[in-house]
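This report describes the packing of one protein model. The sequence and structure are shown first.

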Amino acid sequence: MSSASASSCPRCGAAASGNFCANCGSALGNQPCASCGTSLAPDAKFCHKCGAAGGAAGGPVAARRTMPAGMVAQPVASNMANKTPWLIALALTVVTIAAITYSARGKNAVTPPDMANAGNSAGGGAAASTSLGVAPDISQMTPREQFSRLEGRVTAAAEKGDTTTVINFTPMALGAYANLPPGDRDIDARYHAAMLQAQVGMFPGAIALADTIETASKHNLMATYIRIMVAEYQGDSTKARAERATFRTNFDAEMKTKRPEYVDHQPFLENYFKTNGAK
């Protein structure tokens, strides 16, 4: 690999040169996607080709821990001795999920469901019940089926105001997305992963996935809808209004393309266009 040069590290800001930052270990030049090999900018959060979380194969960045899509792990030393930042990130994620879900739904604390199963078969083969019914055994499902099942469970829980299930299952669902092979990270999967992130306050990750959708499909309605929802969650009415205008402008031409994600979500998209999207 040819030597890269930079006046400062794009991640920590320290003066740096060569292929990697001597201060934090971040890659300074373009690096290949660890999943599909596409060249990525050093600060890329997601691969614009396959949607995988940004990060190159080999070198110091290969020591990153596996995190849910959208949660960008900082490079760590080879001995991985300092775990404090990870514990803080995990705590903040849980607090954010609880706070935003509570605020969005206006519900009191719910009774924690029985999490013995947590999406897999419980000990002794018995299936555990939760507020959303019996959790299925996902161990025999394909990676895409696992992601779809977990994403659906989180979405249903959020609609019911079931904060506990959202807190427990969102990391599992995002982890299932991260485990998808590149061929399964299509626009529909990226859309659902972005919406999971948006509803729990992981806004940069949601927007980054929207960007990868638009790279693959310019003016895509799913990407625009993600941006609308992020703006609304953030209370940015001006941005939300502008994105809704973009949605209206592109709606007819985009729906005529009959893209798979539009066919799958046609009733929802048409209803949004007639109601909220018309404002």
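Predicted model: local features only at pLDDT ≥ 70, side-chain atom pairs only at ≥ 80, totals over all residues.

In soluble globular proteins, nonpolar side chains tend to be buried together.

The surroundings of Phe247 can be listed individually. When neighbours within four places in sequence are left aside, Phe247 is in contact with Leu221, Thr224, Ile228, Leu269, Tyr272 and Phe273.

## Packing of H3 and H4

Two packed helices are described by the angle between their axes and the distance between the axes. For helix H3 (residues 163-178) and helix H4 (residues 187-199), the axes come within 10 Å and cross at roughly 150°. Because angles over 145 degrees count as roughly antiparallel, H3 is roughly antiparallel to H4. The crossing of these two helices, H3 and H4, is left-handed.

On the H3 side, Ala173, Leu174 and Tyr177 take part in the contact, meeting Ala189, Arg190, Ala193, Leu196 and Gln197 of H4. Classified by type, the contact of H3 with H4 consists of six nonpolar residues, one polar and one charged.

## Cys47 and Cys33

Cys47 is located in the loop between strand S2 (39-40) and helix H1 (84-105). Its relative accessible area is 0%, so Cys47 is buried. Cys33 is 14 residues from Cys47 along the chain, and the C-alpha atoms of the two residues are separated by 6.5 Å.

Conventions. Residues numbered from 1 in each chain as written. Heavy atoms only, no water. Axes fitted to C-alpha atoms, helices over the stretch in contact; angles between N-to-C directions. Helix = DSSP H or I, 4+ residues; strand = E, 2+ residues; numbered from the N terminus. Parallel < 35°, antiparallel > 145°, perpendicular 65-115°, else oblique. Left-handed = near helix turned anticlockwise from the far one by under 90°. Contact = heavy atoms within 4.5 Å. Nonpolar A, V, L, I, M, F, W, Y, C, P; charged D, E, K, R; others polar. Buried < 20%, exposed > 50% of the residue type's maximum accessible area, 1.4 Å probe, protein only.
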